[in-house]
Amino acid sequence: MIPRALTIAGSDSGGGAGIQADLKTFHQLKVYGMSVITVLTAQNTLGVQGVYPQSPACIEEQLRSVLTDIGADAVKTGMLYSAEIITCVARYLEHSGVKQLVIDPVMIAKGGTPLLQDEAVDALRSLLLPLATVIMPNLPEACTLARLPLTDRVEDMEEVARALYALGPQYVLLKGGHLGGGDAIDLLYDGSEMLRLASPRIATRHTHGTGCTLSAALTAELAKGRTVQEAFATAKAFIDAAIGQALEIGGGIGPTHHGAYTSAG
């Protein structure tokens, strides 16, 4: 059977992030992609113009439709927006038999629009993180979830990773793209080993959807049966290629090129 990956996330009408980025990534990495839409957004490269959450009943029915018929080898979550939606998703996934769950705790859009309500952070911490195979926050998201001061020092990232691991995920993949300096430094922590991964920073402002794309690539590789370390290596190569050939479309922060990795390969 073809590997199956499910994304539970918001819809980006501009096509660069969210459900659309996830499905493009799944397709490029040769897994069968499915979606549960949590929020409809009106957005483009200039920003987010509207946010329209779906009802928990609608979300639960989508989950049931997909998972009771087709199933999923790996699942990722993106924009969940509210405590009500997080509660719905966590309660369903807890009893769904899903064994590989990737959490991308989407909180703020590239243009600054909040994508997770303040009161939803506690629900994310207590209900969803304990179910996660991998949690993949950027540094500001990680500090918020860990309830630690925002830092821009790579030396502080290990403390943040340990605090997140204590919340229950099997792995913490802490993205360091918000750090200054020449390299982008990520940390992968499994409770015992702290692996530091560095790659050259690519100079471009066209980075819309990078977090969604990276987490979707990792989810796709987990669906194929790869280890977390193997999946991250491929996901990192995928996003580096996508950023390196970012698409300069629209008048703002353009999207990455989801076909770059497979075209190069």
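## Basis of the description

Two strands are taken to pair if DSSP finds at least two bridges between them. Strands (E, at least two residues) and helices (H or I, at least four) are DSSP runs, numbered from the N terminus. The model is predicted, and local features need pLDDT of at least 70, side-chain atom pairs count only at pLDDT 80 or more, and totals for chains, interfaces and linings use all residues. Residues are numbered from 1 along each chain as its sequence is written, and side-chain values use heavy atoms, with hydrogens and water left out.

## The sheet

Nine strands form an open sheet with mixed pairing, in the order β3-β2-β1-β4-β5-β6-β7-β8-β9. Its edge strands, β3 (47–53) and β9, each pair on one side only.

Within the sheet, β4 (residues 74–77) runs parallel to β5 (residues 101–103), and three bridges join the two strands. Thr 77 has Ile 103 in β5 as its bridge partner.

## Overall dimensions and surface

The chain holds nine helices and nine strands. Its radius of gyration is 17 Å, close to the 18 Å that the globule rule gives for 265 residues, so the chain is as compact as a globular protein of that length. This radius is taken over C-alpha atoms, and the rule is 2.2 Å times the number of residues to the power 0.38. Along the principal axes, the C-alpha atoms fill a box of roughly 45 × 40 × 40 Å.

Of the 265 residues, 54% are buried (under 20% relative accessible area, with exposed meaning over 50% and partly exposed in between; 1.4 Å probe, protein chains only). Among contacts (heavy atoms within 4.5 Å) between residues at least 6 apart in sequence, 67% join residues at least 24 apart. The accessible surface comes to about 11200 Å², and carbon and sulfur atoms contribute 51% of this surface. Accessible areas come from the Shrake-Rupley method with a 1.4 Å probe.

## Selected loop residues

Thr 207 lies in the loop between β9 (194–200) and α7 (210–223) and is buried, at a relative accessible area of 18%. Beyond its neighbours within four places in sequence, Thr 207 contacts Lys 110, Ile 253, Gly 254 and Thr 256.

Two non-glycine residues have positive phi. Lys 30, with phi near 65 degrees, is located in the loop between α1 (18–28) and β2 (32–44) and is exposed at 61% relative accessibility. Tyr 81, with phi of about 75 degrees, belongs to the loop between β4 and α3 (83–94); at 18% relative accessibility, Tyr 81 is buried.
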